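Dear colleague,

Please find below the structure that I am handing over to you. My notes on what was found in it follow directly after.

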Amino acid sequence: MAKTLRYQPVLLDLAKSDWRDLGRSLTKITELDAHSLEVQRVGIWLFNPERSAIVCEELYLLQEDQHLRGTVLYAKDYPRYFQALEESRILPAEDAVNDPRTSEFAEGYLKPQGISSMMDVPVRLEGKVVGILCHEHVGEKREWSPEDQEFATSVADMVSLAYTAAARHRAEAALHEKTQELERSNQELESFAYVASHDLQEPLHSIIAFVDRLNGMKTAELEEKGGDLLLRMQRSALRMQRLIDDLLEYSRIGLRKGPMERIELKPFLAELAADLEYRLNESGGRLEVAAAPDVSADPFQVRRLFQNLIANSLKFRRPGVAPLVKVSGRVLEGRFCEIEVEDNGIGFEEKYAEQIFKPFTRLNPHSAFEGSGIGLAVCRKIVERHGGTITARSVPGKGSRFCFTLPSAGKASTAS
């Protein structure tokens, strides 16, 4: 009775726990269990998906106040123990070395660790054994009392609760993230559809107007003005074609799932500079690459990202000033790198720093600079597809600086 009263506050404490953080939950369970039962070693083991082994998820050593994990025990090496787990509500072995259910561990595990007694409780989820709550007593043999066994069984139920709650929390978090992603996608689609239809209609209306004018002309007037109208129609058609091509590129970014590879940015950008040689020579521009960390990314999309940013810097240059584009980067704490692309071009008002990343946004008239206004939207989509962010800073007449993050090559990217 005294033991039962001592165990009740512990079970109440566990029942009130916040199970959302599985790691902290398992740590708390093993520590309270070990202190309450005065057991030197308390572990939580889970079956692997094939049920061919159990893996130690958490092992608390009471005397050392230390947590371990990762040990694997294979069913083929301990067939009697694994069979007993499936058939028993609890395995209390006072003499673990000689008990037929646990004696298979004697030479390789029990004797080297000084373990004399074991009390293992199968952990069940929906009636299926998914793991074990293992108590390993070091020293003289120990008889497990009915109160000890009842307490251990209750703690095993808490382990089941922790896994169930953690799985539910992960599912809820994933659902919330998907919902937010869907909302963002719908908002982007609505904005994209409106702007795209507006920009596509502009050259189409021009073509229709030019055709109407041609239809209304007489033969003499056609000979005089028809060629100019046809040329303007061709320009409008080419502009429409460029818009459609850019639309297709933008829409394909999320669909194309290329492999994430290690990219050494310095040689990568040197190769890109060779591809942009004509634009650099035509503008009198120069590309300088300072410290550039290695990243883990889709090479095709990262090439497009840098192409767009560098091409923008060369295009939006100040009259009479040779464009200079500088690329630098550094590794951040965690798993990302920060990369900057800076130029000495015309710049822009910083109040437009967010607007410029939206599709078909232009701060300058078509007559001043060619383009569809989708290049920076493509850049943002590429960066976000890699789990990063991109921002812009600028001073009119003094240039712009684009700063974005990509996964470090030291960590594999999970972007899809």
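In the hairpin of strand 6 and strand 7, two residues lie between the strands, and Glu 126 takes a positive phi near 55°. Helices (H or I, at least four residues) and strands (E, at least two) are DSSP runs, numbered from the N terminus.

Please note that this is a predicted model, in which local features need pLDDT of at least 70 and side-chain atom pairs count only at pLDDT 80 or more, whereas totals for chains, interfaces and linings use all residues. Residues are numbered from 1 along each chain as its sequence is written, and side-chain values use heavy atoms, with hydrogens and water left out.

Strand 7 and its partners

Strand 6 (residues 115-125) pairs with strand 7 in the antiparallel sense over ten bridges; two strands pair if DSSP finds at least two bridges between them. Within this pairing, Arg 124 stands opposite Val 129 of strand 7. Strand 1 (residues 41-47) is also antiparallel to strand 7, and six bridges join the two. Here Gly 43 has Cys 134 as its bridge partner. Nine of the eleven residues of strand 7 (residues 128-138) are buried, so this strand is largely enclosed by the rest of the structure. Buried means under 20% relative accessible area, exposed over 50%, and partly exposed in between (1.4 Å probe, protein chains only).

Arg 124 has a further contact: its backbone oxygen lies 2.8 Å from a polar atom of the side chain of Ser 160. A polar contact is a pair of N or O atoms within 3.5 Å; within protein, one must be able to donate a hydrogen and the other to accept it, and residues adjacent in sequence count only if both atoms are side-chain atoms. Ser 160 belongs to helix 5 (residues 146-216) and is buried, with a relative accessible area of 9%.

Five strands form an open sheet in the order 9-11-12-14-13, with mixed pairing. Strand 9 (286-289) and strand 13 (390-395) stand at the edges with a single partner strand each, so one side of each is left without a neighbour in the sheet. Strand 13 runs antiparallel to strand 14 (residues 399-407), and six bridges join them. Arg 393 stands opposite Arg 401 in strand 14.

Helix 9

Which residue caps the N-terminal end of helix 9? The cap is Asp 298, with a side-chain oxygen 3.0 Å from the backbone nitrogen of Phe 300. Twelve of the 17 residues of helix 9 are buried, so the helix is largely enclosed by the rest of the structure. Among the buried residues are Arg 303, Phe 306 and Asn 312. The charged end of Arg 303 sits over the ring of Phe 268, 5.3 Å from its centre; this requires NZ of Lys or CZ of Arg within 6 Å of the ring centre and within 35 degrees of the ring normal.

Aromatic residues

Seven aromatic pairs are found in a search of the whole structure. One of them joins Tyr 81 and Phe 82, edge-to-face, at 6.0 Å centre to centre and 85° between the planes. Rings of Phe, Tyr and Trp (its six-membered ring) pair if their centres lie within 6.5 Å; planes under 30 degrees apart count as stacked, over 60 as edge-to-face and the rest as tilted. Both Tyr 81 and Phe 82 are buried. Ring pairs link Phe 47, Tyr 78, Tyr 81, Phe 82, Phe 105 and Tyr 109 into a cluster. Arg 51 lies over the face of Phe 47, at 4.1 Å from the ring centre.

With kind regards
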